[in-house]
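Here is a short briefing to read alongside the model. Take a look at the structure first, then follow the points below.

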Amino acid sequence: MNDLSRTPAFPALAGRDPMALVAELDATILVGGERLRVAASLDVIAPATGRLLGAAAACGTAETDRAVTAARGAFDTWRAVPARTRGKRVAAAGRALLANA
């Protein structure tokens with residue numbers, strides 16, 4: 001699983017307009033591999049231009065509890081993955097972020 005653009009949690013990123021992707025992800029969170037829209041959001045403003053970039057999810061207690069529960073559930077599975085494999089997966093995630101920054 002080195003190509004994050006092929007996982008269900010991530011839309012295909014190649015060739016996508018970054019601002020269209022930001023708009024698509026407005027006020028969403030990723031919990032347990034599922035993208036969820038939340039009711040409250042905060043505007044994200046580019047400090048250099050003052051331009052509205054999108055909206056960040058403003059999670060409440062219920063969303064936070066759900067995320068923490070999912071993270072605890074994923075921990076044992078992640079811990080069982082060999083360190084070298086975990087490192088490769090984290091590096092792949094970093095490359096995906098840099099390629100689409």
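## Fold at a glance

The chain holds three helices and four strands, where helices (H or I, at least four residues) and strands (E, at least two) are DSSP runs numbered from the N terminus. Along the sequence, their order is α-β-β-β-β-α-α. Please keep in mind that this is a predicted model, in which local features need pLDDT of at least 70, side-chain atom pairs count only at pLDDT 80 or more, and totals for chains, interfaces and linings use all residues. Residues are numbered from 1 along each chain as its sequence is written, and side-chain values use heavy atoms, leaving out hydrogens and water.

**Helix 2**
- Helix 2 covers residues 61-80, and its 20 residues reach 29 Å from first C-alpha to last, close to the 28 Å expected (1.5 Å times one less than the number of residues).
- At Ala-74, helix 2 bends by about 30°, the angle between axes fitted to the seven residues ending there and the seven starting there.
- Gly-73 also lies in helix 2, and it counts as exposed because its relative accessibility is 52% (exposed is over 50%, buried under 20%, partly exposed in between, with a 1.4 Å probe and protein chains only).

**Core and burial**
- The largest nonpolar core has five residues: Ala-27, Ile-29, Val-31, Leu-36 and Val-38 (buried Ala, Val, Leu, Ile, Met, Phe, Trp, Tyr and Cys residues joined through side-chain atoms within 4.5 Å).
- Of the chain's 101 residues, 17% count as buried.
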